[in-house]
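Dear colleague,

Please find below the structure for your reading.

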Amino acid sequence: MNRLTFWRLISSLCLLGAGCAESAIPSDGEPADPSTDSTGKSDGLDAAADAELAPRDSGTPRRDATTSTEQPVDAGDAGRTALADGGLDASRPDAGRDATVQDTGTGPIACSNGQTTCGSACVTLATDVNNCGGCGTKCASGQTCQANQCTGGEPQFNVPSGCTKKTLNNHGYAFCTSTRGWRDARTACLDVGLDLAIVTDKAESDFIKANGDSWIAVNDRNTEGSYKHVIPGNRDRTDGATATYFNWKLGEPNNDKTCDGFSIPVVGCFGSSTDEDCTVIYADGGWNDGACEERRNFVCETY
């Protein structure tokens, strides 16, 4: 008998009480689905085919059934994960840089022999045009720094109010005629980055005498009879280098004691007696030790 007649016979038997599953009997003209068994379940071949036809999601990690850890699907994901784990970004220009190289910042500065620290740099004061002979002493445009001195042009400097700029051998001077005591005169020089003139030869002494009776740096304030220059730029030190050039007037220095800067013959001294510890160059070029409280002109110098 043919298939249709067979299934009709089976259907008749089911109606008599055989209990066949309704889903197992095909309708007239429709062949039975060989992939479905009497329980309605699909066989393994169809499941495998469906799985093969299902689209793959390459961007979604799959979970391993045994370890419950996510695994990257493709090699591209794996490479990106490796980069992330290594702490590198392939798009950065320094992606291949050694990770141990670090910027340690400025830190302490160790200068070589013969150099001095000015701010955050090591400089050679003897030849540095921006720090010639001292930090911050800048040579003028066109000058060079040789042996701690700016040469080849006019030095740039400020002077106290009312003073006049002068230059000699590439050194700057301020000729000041607003009379002050020696200490006040020095303060006026220091306030603009200068100090009292350190006179080292006859040419410089003759140059300064043109300013009239003027205070200079030489003094014996610390030890009587031991004449020294000030320490340039140091407000608290007057015991600098020992002076080697002098042009004392006849009978000077004599440390003649005065009465607060002046003496009155016959009557004597009113007030305390004062030593003569500070040096003045007179208009005739001669030097004298005078009482530091006396008001005189003064000459400042760059250093």
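The torsion about the S-S bond of Cys 163 and Cys 176 is about 115°, so this disulfide (a pair of cysteine sulfur atoms within 2.5 Å) is right-handed. The two sulfur atoms are 2.0 Å apart. Because Cys 163 lies in the loop between β6 and β7 (164-168) and Cys 176 in strand β8, the pair ties together parts that are 13 residues apart in sequence. Strands here are DSSP runs of E, at least two residues long, and helices are runs of H or I, at least four residues long, numbered from the N terminus. Cys 176 counts as buried because its relative accessibility is 0%; buried means under 20% relative accessible area, with a 1.4 Å probe and protein chains only.

The model is predicted: local features need pLDDT of at least 70, side-chain atom pairs count only at pLDDT 80 or more, and totals for chains, interfaces and linings use all residues. Residues are numbered from 1 along each chain as its sequence is written, and side-chain values use heavy atoms, without hydrogens and water.

The structure holds 7 disulfides. Among them, Cys 139 and Cys 150 form a left-handed link, with -85° about the S-S bond, and both cysteines are buried.

Yours sincerely

Definitions and conventions. Buried < 20%, exposed > 50% of the residue type's maximum accessible area, 1.4 Å probe, protein only.
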